[in-house]
Amino acid sequence: QLQLVESGGGLVQPGGSLRLSCAASGFSASGFAMDYYAIGWFRQAPGKEREGVSWISRSGRNTDYADSVKGRFTISRDNAKTTVYLQMTSLKPEDTGIYYCAKGRAFLASLGAEEYDAWGQGIQVTVSS
């Protein structure tokens with residue numbers, strides 16, 4: 001079973017930076033490792049719906065971002081390390097929430113949660129002075 005584990009969250013002041021990591025282990029039900037799939041990052045703020053933040057294709061050549069984070073967040077992956085990263089800069093209080101990484105159903109995806117079928121447990125990011 002392919003499992004995803006997030007790390008790197010915490011408390012940061014507005015304007016600060018954090019780098020989240022999503023480490024994958026195991027294989028999907030189809031027998032493929034994480035490097036076969038698109039990976040996405042989502043977040044959920046208190047009292048709000050979960051929203052897509054960014055995703056990256058299997059090869060890393062295709063990425064996309066929510067409008068609210070464009071120019072501030074950068075997604076990348078290291079398939080040799082089976083890890084996907086989310087570099088977050090110029091953080092704002094509205095970036096606060098639980099961040100989840102998720103495995104796409106295929107090698108391309110989108111920001112829609114319906115295109116993902118395995119999720120990490122989530123990690124807290126708090127932006128506050």
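Colleague: Let's start with Ser90: is it buried, partly exposed or exposed?
Modeller: Ser90 counts as partly exposed, with a relative accessible area of 39%. Keep in mind that this is a predicted model.

Colleague: And where does Ser90 sit?
Modeller: You'll find Ser90 in the loop between E8 and E9. Its phi is positive, about 45°, although Ser90 is not a glycine.

Colleague: What about Thr82, what is its phi?
Modeller: Thr82 has a phi near 45°, again a positive value in a residue other than glycine. Thr82 belongs to the loop between strand E7 (73-78) and strand E8 (83-88). Its relative accessibility is 23%, so Thr82 is partly exposed.

Colleague: Switching topic: how many disulfides are there?
Modeller: A search of the whole structure turns up one. Cys22 and Cys101 form it, with their sulfur atoms 2.1 Å apart.

Colleague: Which parts does that pair tie together?
Modeller: Cys22 is in strand E3 (residues 18-25) and Cys101 in strand E9 (residues 97-104), so the pair links parts 79 residues apart in sequence. The link of Cys22 and Cys101 is right-handed, with 70° about the S-S bond.

Colleague: Are those two cysteines buried or exposed?
Modeller: Both Cys22 and Cys101 are buried.

Colleague: Which residues line the largest pocket?
Modeller: Among them are Arg43, Lys48, Glu49, Ser68, Arg72 and Asp95. By class, the lining has eight charged, three polar and one nonpolar residue.

Key
Residues numbered from 1 in each chain as written. Predicted model: local features only at pLDDT ≥ 70, side-chain atom pairs only at ≥ 80, totals over all residues. Heavy atoms only, no water. 1 Å grid on protein atoms, 1.4 Å probe; cavity = no way out; pocket = protein on both sides within 12 Å on 5 of 7 lines; lining within 4 Å. Nonpolar A, V, L, I, M, F, W, Y, C, P; charged D, E, K, R; others polar. Disulfide = S-S within 2.5 Å. Helix = DSSP H or I, 4+ residues; strand = E, 2+ residues; numbered from the N terminus. Buried < 20%, exposed > 50% of the residue type's maximum accessible area, 1.4 Å probe, protein only.
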